[in-house]
Amino acid sequence: MLDADVIIIGGGLAGLVSAIHLSQAGKSVIVIEKDGYPHHKVCGEYVSNEVLPYLTALGANPAVLNPTEITKFEMSTPKSALIHADLPLGGFGLSRFTFDYFLQERAKQSGAIIFQDTVLDIVYKDEIFNVITKDKTYKSRIAIGAYGKRSALDLKLKRPFIKEKSDWLAIKAHYSGDFPNDLVALHHFKGGYCGVSKVEHQLINICYLVNYTSFKKYKNIKEHQEKVLYQNPHLRAILENSTMHFDAPLSISQISFEQKESVKNHILMVGDTAGLIHPLCGNGMGMAIHAAQIASTLILKFFNGEISTHKNLEHAYTFEWNLHFNSRLKTGKLLSGLLRNESLSDFMINCITKFPALLPKIIKRTHGKPITIS
């Protein structure tokens, strides 16, 4: 006997949006999330407006949460002047603390059941998924992997990327201070880059990615900030004039940008579980929500017979995921490589300064078009 039509492992953006979409279409859905709500996450917390038509169609428009409306972008290196651009679609700033909790409530209102538990293994046998947790085993016809950047589950699934050591560390905190509401900024420093933008309640989210090899030369986060991040005068001005609202910054290590499978062991992977775009592109949250839309749409076609077999469902999802996200991930990897090289990053920004029309074109390469329910 099945426990649900669909089991979703992970209750972040992609998992919760999938739960809302599928539940509202009449499917029974279980979400298994290891953490309780609400909780903070290491995240840039800027979302492209491309997702708003879709969220609105699901009855989950985040406007009720009073996010900041972001329309402008600026960028710098330690040696460069600021370069500016208008964001083609614009976006909004909203903390994961608030956004995830809001989507969890919408998922429950839509009929999804959410359990706080840890998934230990997933076994697919006789066209049924057996999702094994600490507490029990759940059965379903469809399983969605939405558990984030990396997990012990990736080891169980023998995913290749999990065996490779990654040298990336991400650090994030909320601050109060003087920063424009309508701006998202990207400031490069030696060994990494930092995103800055407002979220709700006039708080500034400062989240940066740094190479661990360069970071470990310093005693702690504060010393690294003062010795390295402060070398960028634009970033120094922000940090010196802001007051942190966390007891200590949040951090996450071993962040992998290596290629991942969008389908593994018949599980449809969404969000960061399927592939992670470099945070400098500022669109990971939008991509997670878009992946949920793609997966949910195809799963409903499977249930109504438009897609005849699970194998065909897997092929269709892989095709759609590659179509919408492969070029974005490649652009993010290319930009990251340029920004990690001090001379190349200064050269790139000098070129953009001389030819400002280039920057909106680069931004468009990492963002999609407005999406809705198909």
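This is a predicted model: local features need pLDDT of at least 70, side-chain atom pairs count only at pLDDT 80 or more; totals for chains, interfaces and linings use all residues.
**View 1. Contacts across the protein chain.** Residues are numbered from 1 along each chain as its sequence is written, and side-chain values use heavy atoms, without hydrogens and water. Local features need pLDDT of at least 70 and side-chain atom pairs count only at pLDDT 80 or more, while totals for chains, interfaces and linings use all residues.

**View 2. Overall build of the protein chain.** The chain holds 11 helices and 17 strands; these are DSSP runs, H or I of at least four residues for helices and E of at least two for strands, numbered from the N terminus. The C-alpha trace spans about 65 × 40 × 35 Å along its principal axes. Of the 374 residues, 54% are buried (under 20% relative accessible area, 1.4 Å probe, protein chains only).

**View 3. Helices α1 and α3.** Helix α1 covers residues 13–24 and helix α3 residues 96–109. Their axes, lines fitted to C-alpha atoms over the stretch in contact, come within 9 Å and cross at roughly 25 degrees. That makes α1 roughly parallel to α3 (angles under 35 degrees, between N-to-C directions on a scale from 0 to 180 degrees).

**View 4. Residues where α1 meets α3.** From α1 come L13, L16, V17, A19 and I20. From α3 come R96, F99, D100, L103, Q104, R106 and A107. By class, the contact has 8 nonpolar, 1 polar and 3 charged residues. Nonpolar covers Ala, Val, Leu, Ile, Met, Phe, Trp, Tyr, Cys and Pro; charged covers Asp, Glu, Lys and Arg; the others, Gly among them, are polar.

Definitions and conventions. Angles under 35 degrees count as roughly parallel, over 145 as roughly antiparallel, 65 to 115 as roughly perpendicular and the rest as oblique. Contact means heavy atoms within 4.5 Å. Buried means under 20% relative accessible area, exposed over 50%, partly exposed in between (1.4 Å probe, protein chains only).
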